[in-house]
Amino acid sequence: MNFQGELNTSQLTSMLQFLANDCKTGVLQLSKGDDKVSLCLNEGMIIYATGNLKGCFLGTFLKKKGIVSDDQLKNCIQSAKDEGVSIGKILVNKGYVSVEKLGTVVYAQVEEIILNLLLWETADFSYRDMPIDAQKIILVEINFVKLLLDASRRIDEISFIKRLIPNDTVIFKLAESCKEKQDLILDENE
């Protein structure tokens, strides 16, 4: 089955639930302006996601977690292009990351992509039933319903934060009166 059209955020969740409930295997492509995302499904489970959303590349997540260096990542990206396989497959084959650790990172990546999609007001989409070539990617099965619940929680948290912090130009600093300041250690993300 193939279909396409335009949908809004609430329709996106319904679309993903429909694909999950019908145990679809194929690719759902979504776009909004220059932003593009592809979600690969196998029997209703999201197994892979890719796109050009800023900050949602697998390499970004791997570097942020300290799993790979810039040089390792560049080497793996080139190898993935040369061999026509996913970067995850190359990372595992080169021994930079275990399948289990990669699965954890891929889950975080897909969650971030879905969260971004749920923040879009509208999107163009197309879905195609098609077999997924499991030889080219590291498969990670992600239950959409659980992912949707996690994403909904994060969206609620983001809306709360946006009420307190109206724009992204606000810069925080620790209060001088903080007694336990010396015990407080925060990384860049925190």
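**Notebook: burial, contacts and a surface patch**

I looked up Ser 79 and found it buried, with a relative accessible area of 13%. The cut-off for buried is under 20%, so Ser 79 qualifies. I note that this is a predicted model, and I read the values as computed from it.

I placed Ser 79 next. Ser 79 lies in helix H3, which spans residues 70-83. I then asked which residues Ser 79 contacts, leaving aside its neighbours within four places in sequence. I got Ile 90 and Lys 94.

I turned to the surface. Which residues form a nonpolar patch there? I listed Phe 160, Ile 161 and Leu 164. Together they have about 310 Å² of accessible area.

Is Ile 161 partly exposed or buried? I found Ile 161 partly exposed, at a relative accessible area of 44%. That value falls between the cut-offs of 20% and 50%, so the label is partly exposed. Ile 161 sits in helix H6, residues 144-164.

I then went to the whole chain. I counted six helices and five strands. From the N terminus, I wrote down the order as β-α-β-β-β-α-α-α-α-β-α.

I checked burial for the chain: 35% of its 190 residues count as buried. For the accessible surface I noted about 11,800 Å². Carbon and sulfur atoms hold 51% of that surface.

Last, I looked at contact range.

Note on methods. Residues numbered from 1 in each chain as written. Predicted model: local features only at pLDDT ≥ 70, side-chain atom pairs only at ≥ 80, totals over all residues. Heavy atoms only, no water. Helix = DSSP H or I, 4+ residues; strand = E, 2+ residues; numbered from the N terminus. Buried < 20%, exposed > 50% of the residue type's maximum accessible area, 1.4 Å probe, protein only. Areas by Shrake-Rupley, 256 points an atom, 1.4 Å probe, with all protein chains shown as cover. Patch = residues over 30% accessible without salt bridge, like charges linked within 9 Å, V, L, I, M, F, W, Y side chains within 5 Å. Salt bridge = Lys/Arg side-chain N within 4 Å of Asp/Glu carboxyl O. Contact = heavy atoms within 4.5 Å.
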